[in-house]
Amino acid sequence: MSLQPDQVLDVCGLPCPLPLLKAKQALARLEAGQLLEVRATDAGSWQDFASYVELSPHAMPAREERDGVYHYWLRKGEERAS
């Protein structure tokens, strides 16, 4: 994958919902527009991340599974005003 992340988060071995929770925490520390790569082994994370991106200001420009490891690239979006 040619995307160059600003931060890599390895949550391999953590069960649902921890991969998504850790990713949310990491995104909170990034600036808008920065890219987070998440590596997870929980198969349920595939749907969790897709659902999360639909409901958030963030984008997922790519995701893939390689040898049992799921890779997600999340681009932090602008936070919505409440």
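In which sense do E2 and E4 pair, and over how many bridges? I looked this up first. E2 and E4 pair in the antiparallel sense, over 6 bridges. Two strands count as paired if DSSP finds at least two bridges between them.

Notes on the model. I am working with a predicted model, where local features need pLDDT of at least 70, side-chain atom pairs count only at pLDDT 80 or more, and totals for chains, interfaces and linings use all residues. Residues are numbered from 1 along each chain as its sequence is written, and side-chain values use heavy atoms, with hydrogens and water left out.

Overall fold. I found 2 helices and 4 strands, in the pattern β-α-β-α-β-β along the sequence. Helices (H or I, at least four residues) and strands (E, at least two) are DSSP runs, numbered from the N terminus. I noted a radius of gyration of 12 Å, close to the 12 Å that the globule rule gives for 82 residues, so the protein is as compact as a globular protein of that length. This radius is taken over C-alpha atoms, and the rule is 2.2 Å times the number of residues to the power 0.38.

Sheet. I read the strand order of the open sheet as E1-E2-E4-E3, with mixed pairing. Strand E1 (7-10) and strand E3 (59-66) are the edges, each pairing on one side only. I also checked one position: Leu-35 stands opposite Arg-75 in E4. Helix H2 packs on the sheet and touches E2, E3 and E4, and its direction makes about 175 degrees with that of E3. Axes are lines fitted to C-alpha atoms, for helices over the stretch in contact, and angles run from 0 to 180 degrees between N-to-C directions.

Core. I counted 16 residues in the largest nonpolar core; Leu-9, Ala-23, Leu-36, Val-38, Phe-49 and Leu-74 touch the most other members. Such a core is a set of buried Ala, Val, Leu, Ile, Met, Phe, Trp, Tyr and Cys residues joined through side-chain atoms within 4.5 Å. H1 gives the largest share, 4 residues. Beyond four places in sequence, Leu-36 has contacts (heavy atoms within 4.5 Å) that include Pro-5, Leu-9, Ala-23 and Leu-74.

Ser-45. Is Ser-45 buried or exposed? Ser-45 lies in helix H2 and is buried, with a relative accessible area of 1%. Buried means under 20%, exposed over 50%, and partly exposed in between (1.4 Å probe, protein chains only). Not counting residues up to four places away in sequence, Ser-45 touches Ala-40, Tyr-70 and Tyr-72.
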